[in-house]
Amino acid sequence: MDSTAIKHFADQIRYYTLKELNYMGYGHYGGSLSIVETLAVLYGNQLQVSPETKDDLNRDFFVLSKGHAGPALYATLFLKGFITEDWLYTLNQNGTNLPSHPDRNKTPGVDMTTGSLGQGISSATGIAYGNKLAGRKNYTYCIVGDGELNEGQCWEAIQFAAHRQLDHFILFIDDNKKQLDGYTTEICNPFDFEAKFAAFGFHTLKVDGSSVEEINAAVEAAKALTGKPIAIILDTVKGQGVPYIEDMYSNHHIRVDDAAKAAIEATTEKIGIEIGVR
């Protein structure tokens, strides 16, 4: 896809993410919306996987370590043909195949069950290391949250990835500046992610996480680097692309009241018109 097509794909992902969450009336809006552009780049241009190859060990792998952003991944999987649209409106309901956090045993296209923060990145490094030992040249991608990096387990995995020189492991840090209880700098200051990842032995890149061009260019640059894993730090906004949610202080998990519903659905409608589905 060219950048125009990827932007259109991002708009589609954002639209269907909002549709499924609006249908429920609550959910993890903030952190789902902040990774939309990254998912669009991965599934639109970089990640070598399809419904037909999802079980092929030579495919690329993707782990959403910040599992609470599952709704955005589900919208993406629908648009890529892994699941059908009607599944989206069963999100987090009894008997669903789309639980609040991804489950590899329930949802086609999900490579790892995640949601216990810190564990997804550990699984991703294990996948990358296993592929390396098997001589496969496929890539393992992982998205980790900035608040999630409070977990010590993350840094054990990061150190392991560097020690094993997992240069086919590309890690995205969703630096949206917030976590469940407030701003990351208030809860536990992360300081400088670029310096920290460099100190842990990663190639580090920082991009505007709302720019599909910058994200795509960073992935291309990452694939040209060897000898170390790669950290791509995404400068994002929690609730990205929906002004009402961006402006909320507490926007990790939202239970939508009447005022919020009107504002959020107005943006949903606007995006739907722009992508030609309304």
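Begin by selecting histidine 203, which in this predicted model has its place in strand E7, residues 203-208. Show the neighbours of histidine 203 and, leaving aside residues up to four places away in sequence, you will find that it touches Leu225, Thr226, Lys228, Pro229, Ile230 and Ala231. For one of these, isoleucine 230, the C-alpha atom lies 4.7 Å from that of histidine 203, although the two residues are 27 apart in sequence. Then turn to threonine 226, whose backbone oxygen is 3.2 Å from a polar atom of the histidine 203 side chain.

Next, select isoleucine 232. Not counting residues up to four places away in sequence, isoleucine 232 touches Ile170, Leu171, Phe172, Ile173, Leu205, Val207, Ala218, Val219 and Ala222. Isoleucine 232 also belongs to the largest nonpolar core, a set of 58 residues, and is listed among those with the most contacts inside it, together with Tyr43, Phe62, Tyr141, Ile170 and Phe172. Colour helix H1, residues 3-24, and you have the element that gives the most to this core, with nine residues. As background, nonpolar side chains in soluble globular proteins tend to be buried together.

To display the contact, select Phe9, Gln12, Ile13, Tyr16, Thr17, Glu20 and Leu21 on H1, and on H4 select Pro71, Ala72, Tyr74, Ala75, Thr76, Phe78 and Leu79.

Now zoom in on threonine 17, which is found in helix H1. Is threonine 17 buried or exposed? Its relative accessible area is 0%, so threonine 17 is buried. Apart from residues up to four places away in sequence, threonine 17 touches Ser32, Pro71, Ala72 and Ala75.

For the last stop, select helix H3, residues 36-46, which is mostly covered, ten of its eleven residues being buried. The buried residues of H3 are Val36, Glu37, Thr38, Leu39, Ala40, Val41, Leu42, Tyr43, Gly44 and Gln46. Tyr43 links this stop back to the largest nonpolar core, where it is listed among the residues with the most contacts.

Definitions and conventions. Residues are numbered from 1 along each chain as its sequence is written. This is a predicted model: local features need pLDDT of at least 70, side-chain atom pairs count only at pLDDT 80 or more; totals for chains, interfaces and linings use all residues. Side-chain values use heavy atoms; hydrogens and water are left out. A nonpolar core is a set of buried Ala, Val, Leu, Ile, Met, Phe, Trp, Tyr and Cys residues joined through side-chain atoms within 4.5 Å. Buried means under 20% relative accessible area, exposed over 50%, partly exposed in between (1.4 Å probe, protein chains only). Helices (H or I, at least four residues) and strands (E, at least two) are DSSP runs, numbered from the N terminus. Contact means heavy atoms within 4.5 Å. A polar contact is a pair of N or O atoms within 3.5 Å; within protein, one must be able to donate a hydrogen and the other to accept it, and residues adjacent in sequence count only if both atoms are side-chain atoms.
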